[in-house]
Amino acid sequence: MINLKSFMARQDILALIILAALLFVVMPMSMDIFRLNLIGKYLTYAFVAIGLVLCWGKGGILSLGQGVFFGLGGYCMAMYLKLESSTPEATAIQSTPGIPDFMDWNQITELPWFWEPFNSLTFTLVAILVVPALFAFIIGAAMFKRRVGGVYFAIITQAIAAILTILIIGQQGYTGGVNGITDLRTLKGWDIRSDDAKYFLYFLNGALLLGVLVLCQFVLKSKLGRLLVALRDKEDRVRFSGYDVANFKIFVFCFAAVLSAIGGAMFTLQVGFMSPSFVGIVPSIEMVIFCAVGGRLSIFGAVYGTLLVNWAKTTFSETFPELWLFGLGALFIAVVLVFPNGLSGLYRSYLAPHVDRWIFRKPPEGGSTGTGAIDTPAFEPDPAARPAE
Amino acid sequence: MFADYSWTELGSIFAMQGFAGLILFSVFVLMALGLAIIFGQMGVINMAHGEFMILGAYVTYLCSNFVEAFVPALFGVYFFFAMILAFFVAGALGALVEWSLIRHLYRRPLDTLLATWGLSLILQQAYRSIFGAREVGVTLPDWLLGSVPLTDIIEIPINGIFVMVLTLVIAISVYFLMFRSRTGMQSRAVVQNRVMAGAVGINTEKVDRMTFALGCGIAGVAGSAFTMIGSTGPTAGQLYIVDTFLIVVFGGAASLLGTIASSFAISQAQSTMEFFLSGSMAKVLTLLTVVGILMLRPEGLFSAKIRR
Amino acid sequence: MRRLKDLIEHRLSRRSVLTGTAAAAMLVTAGAIAPVHADDVNTTGLAVTEDTVKVGILHSVTGTMAISETGSVQAEKLAIEQINAMGGVLGRKIEYIQEDGGSDWPTFAEKAKKLLVSDKVAAVFGCWTSASRKAVLPVFEQYNGMLYYPTFYEGLEQSPNVIYTGQEATQQILAGIDWVAKEKGAKSFYLLGSDYIWPRTSNKIARKHIEKLGMKVVGEEYYPLGHTQFNSVINKIKLKKPDVIYAIVVGGSNVAFYKQLKAAGIDMTKEKPVLLTISVTEDEIRGIGGENIEGAYAAMKYFQSLDNENNKEFVSAFKEMWGDEIVIGDVTQAAYLGPWLWKAAVEKAGSFDIDKVRLASPGIELTTAPEGYVRVHENHHLWSKTRIGLAKPDGQYELVYETADLMEPDPFPEGYQ
């Protein structure tokens, strides 16, 4: 059996404690509920970013369509909440009371069949996990079995994001169209818009995030995690060693999809609506940058990267809306050219040795991270210094 | 749906529809050719391709304003100069980008994707700061507008013919450049075996830069031509990205012929479906079919038979 | 008196180290002297001081919608400047806080919440697309804010927290269709739009009305936002030969659509087919190019070329502030009305309190509106005239018809839903 020590190095435990303290103590103490709710919203993106660390950083599979899964999770949740708020009493002015308002605007007179099961909360919660997993399985099975990878996979997932967006917008009677599903009020009679609910959802979100982090740590430290890294770096050798590479890839892609969907569902709960603007190409690529800024190899880094980019976006776009896009663009380039290992890379090279020395009383050299052997990046830390061929 | 119409009418409409498909085909080829060169020959994913096209469109816009203000006599022919200028401006920016950005990333294709996406954001904001958030209208010489009536119903849009001719000219030039010239031979040699190409004395760095600049330059010309049929605004370039990449991937990345074939297949499919279905569904079905085929045949229509 | 007050405040700020009691005593004096004390006109803790009041401007200045929303921001700033030059609202200068929605609906909701909760603004002028309005609506209702929304839109909504200064769908559509039926003898229509809620709902209302009048819809079609290839639909139009092409295409697609329509030989300056649009304002024509849309008709409530004194003043003030090159479209004018309607309502209520402003709003009239006279209806929309304009090659519309009476706003039309 795996004991605690082998699956979490001391640095990882420290990171988990610091993050927990930040999320549960520092942030709620220092911010009003408005800012805290914003942080909660950002943290839902962190689920996607963590999924991308597994998929892209560790497994080498870059999906540009993670927004699809975020959206699927979010839409499942939103459908349930919308049905609950569309009681016949609340929608009495419609020509068909009891169905969501946007359906009424589109002359739909009864609830479509695929909306029916979303009257049940249990079904909704299961759907949030199963629908994206199934969808990811179909995509993954079709592509990885045929050994499509790398750039092709990225472009095809991107096209899928585009298709789904057009479809959602086009079928507005069933999906709410470009407006999305708005005006969500209660969950089992509990007002999700009140401050108390926002606090509760924030903590729930934080707890889920920490749970997911521990789970991912477990996956990464298992044999599966090592195999992922191996097939990223030399897929053929893994295949020749007798492993079915495609199955591992499918698994990690589905896993990342489920994580994204959890994020999407939490997003809907905290923000109060869901719209196709989270499904498309642009949000999907932005989520990749959250992951890249954090350091594509570190699940903790992904959380901090998400927080940092979103915080910068909110701050800069308030003060200098014109400069924001320049900043974001420069960030994309910098994260690729100058520090490809992102925040976690910076932490490892500059802070981690000191942390080891002061907290763990360890000499700086020799196993400074405990994960170094696995996480050695596939490229040199400073590509700028390498002459082009 | 056809019962109410006479045979002549139907015949004319099908002719028109075929022509519409051909225009779409030319547009797709123009869009995708530059990208196919960069992606197919270099393995670089240029997400800023659309922004290079819009750069060409803005160059055309500036030219039209300049000519209208200072040399109105030349207004009838300014479009040709504008396209040539667009080629060189976009190409020069391409060379600059290759030198400062892309050449550090040749071993990491997925990272070129992120970096060029960042570049596209910067370019978009630059256009917005310089030209304003609104779309700009490019004034065209009169002879490029309107249509040639053949029969009562069949009318051939002049700008459509112009785009088709332009596509033909560019495709032929690219063919000669890539397959009949020394530069093209070097470029292909670098694609096939970079180390060996370097060993026999080809300056691979220079070849890379020229190839990238060529791809961007063609994007610029395409953007310039699209001012006749589309809009010119800071974010207009993003509209083309998905279509363009799908065309290139569908055609088989390393094959220019494949790009042309896939442009033809996708444009005909889309234009036929648009005629029989509503617009949004036609688009969804086309994209779905392409993605579906790619899942079954990931190497695309034409795959390069090279031992790697 | 104002001077005295300024003097006291000045001293207060300079000597902020005064002991608490002394400061409190002086504050009381200051309050007693001021004509209308801030506490009297603001009982709910809005950002109102003795001589300023804060409002919010919430539009996209980045992203794809920036193209459309820029004009609204400019109009709102102009109105605020003019109101301030006239002495402000209840003796208070308007200070605006501008937030960028970034063409992203959740950002709109987030910024709306910031304006209401953190900045405590007395009113917000903003939003453009229906999607952004739908996203902020729950926020305004929950935190009781006031939104002045400028765009013509699909209707089917009526919120106590929104004043809709643009036309709702029936106002824009019915008069236009009546006009083409009567003046152009139209019998058949081809409906065309971008694929989202406003064109779809509008076309639905149009179809009902067309069929009620005994005319016929020969085709209805939607294309994704940003679509740029319209040759197939143009062929279909040629095949069906409708009398009227009813186009609600928006954004960049507009440019492509009109250029390709012209290139395909559909000459809108000829008798048939008539092209009637409700989505192309002067703003959009700048991108399309006047020569490409010459001869089309637009049905809306305002054109820059309207010949009346209010409008002339408005246009020259607008150009003075934002440059001669600028054009003004329907939505820009509607956005300009927002601050003025708010000012009138606040002054009628004698208070900045949201609830009082809401109660005071129905019945508010503006005789100085560039479009002429407007009045706020019980349902928070505006009574306004509907006008038909003929597009000229110089990018302006020439007024060819206007309804004799104000059109009643009817956001929930019977039988059209």
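Figure 1. Where pLDDT is low, the predicted coordinates should not be read in detail. Over chain A, the mean pLDDT is 85, and 90% of residues reach 70 or more. Residues are numbered from 1 along each chain as its sequence is written, and chains are lettered from A and ligands numbered from 1 in the order in which they are written. Local features need pLDDT of at least 70 and side-chain atom pairs 80 or more, while totals for chains, interfaces and linings use all residues.

**Figure 2. Helices H2 and H9 of chain A.** Helices (H or I, at least four residues) are DSSP runs, numbered from the N terminus. H2 (residues 10–30) and H9 (residues 195–221) of chain A pack at about 170 degrees, with their axes 10 Å apart. Axes are lines fitted to C-alpha atoms over the stretch in contact, and angles run from 0 to 180 degrees between N-to-C directions. H2(A) is therefore roughly antiparallel (over 145 degrees) to H9(A). Among the contact residues are A:Leu16 and A:Phe24 of H2(A) and A:Phe203 and A:Leu210 of H9(A).

**Figure 3. Helices and strands of chain C.** Chain C has 15 helices and 15 strands (E, at least two residues). Its C-alpha trace spans about 85 × 45 × 40 Å along the principal axes. Residues 24 or more positions apart account for 70% of the chain C contacts with a separation of 6 or more.

How values were computed: Two residues are in contact if their C-beta atoms, placed from the backbone, lie within 7 Å. Angles under 35 degrees count as roughly parallel, over 145 as roughly antiparallel, 65 to 115 as roughly perpendicular and the rest as oblique. pLDDT is the predictor's confidence in each residue, from 0 to 100.
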